[in-house]
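Me: I have a protein structure on my screen. Please show me how to read it, one feature at a time.

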Amino acid sequence: MRLPKGFRFAGVHAGIKPSRRDLALIASDAECGAAGCFTLNEARAAPVRDAEERLPTAGIRALVINSGNANALTGPDGLADVETVASALARALGISPAAVLSASTGIIGMRLPVAKIVEAIPRLVDSLRPEPELAAEAILTTDTVVKMASRVVSIGGREVTLSAIAKGSGMIAPALATMIAAVVTDADIAAT
């Protein structure tokens, strides 16, 4: 799989799930423009609500994704948990919490195990590498295979790379409710 330069990936077991990897990180060496496509489902998870308010934007450096807990139907506590995780990751990466986005997938209606995630963040950051396989594995829920894709295209006479990891197995309905896909590119695009 071809990847754009400047992105690194990690996936570790934080203890959200009993034994599988459950915490992923995509980090950029430079500030990125970021945009999102979100579910219209009324039961949107806290990370979705947070990202919807902030995107599109410039200056993003990291996306942290956990599986095993959706941080959905958790009210104001869920949003506070998003902020706690972003702040802990920002400290570990030496960036602003505003440069961190998050996503969660898994069990609905339970508080995010923030202490486990915060404890795993140093190990997550230390394991960053150019290959996305462990991050792609860490975002899976009921999926049976890792999902990754990459394409090289020409835009304005310049060759650019688009690469993605995704999760979702029969989960696109209703309205993208439990689908997560993270796309990275070296294309020079604006956040708007």
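Me: In which strand does isoleucine 155 lie?

Reply: Helices (H or I, at least four residues) and strands (E, at least two) are DSSP runs, numbered from the N terminus. Isoleucine 155 lies in strand β5, residues 147–155. This is a predicted model, where local features need pLDDT of at least 70, side-chain atom pairs count only at pLDDT 80 or more, and totals for chains, interfaces and linings use all residues. Residues are numbered from 1 along each chain as its sequence is written, and side-chain values use heavy atoms, with hydrogens and water left out.

Me: Is isoleucine 155 buried, partly exposed or exposed?

Reply: Buried means under 20% relative accessible area, exposed over 50%, and partly exposed in between (1.4 Å probe, protein chains only). Isoleucine 155 has 48% relative accessibility, so it counts as partly exposed.

Me: Which residues form a nonpolar patch on the surface?

Reply: Patch residues have over 30% relative accessible area and no salt bridge; like charges are joined within 9 Å, nonpolar side chains (Val, Leu, Ile, Met, Phe, Trp, Tyr) within 5 Å. A salt bridge puts a side-chain nitrogen of Lys or Arg within 4 Å of a carboxyl oxygen of Asp or Glu. Here the patch is Val153, Ile155, Leu162 and Val183. Together they have about 310 Å² of accessible area, by the Shrake-Rupley method with a 1.4 Å probe; for residues, only the protein chains shown count as cover.

Me: Which residues touch the most other members of the largest nonpolar core?

Reply: In soluble globular proteins, nonpolar side chains tend to be buried together. A nonpolar core is a set of buried Ala, Val, Leu, Ile, Met, Phe, Trp, Tyr and Cys residues joined through side-chain atoms within 4.5 Å. The largest one has 25 residues; Leu23, Leu25, Val64, Leu89, Val100, Ile117 and Leu124 touch the most other members. Elements giving two or more residues include β2 (23–34) and α3 (114–126). The most come from α3, with six.

Me: How do I read the span of α2?

Reply: The expected span is 1.5 Å times one less than the number of residues. With 19 residues, α2 reaches 28 Å from first C-alpha to last, close to the expected 27 Å. Its buried residues include Val82, Ala86 and Leu89.

Me: What is the phi of asparagine 71, and where does this residue lie?

Reply: Asparagine 71 has a positive phi of about 50°, although it is not a glycine. It lies in the loop between β3 and α2. At 0% relative accessibility, asparagine 71 is buried. Leucine 73 is in the loop between β3 and α2, but is exposed at 59%.
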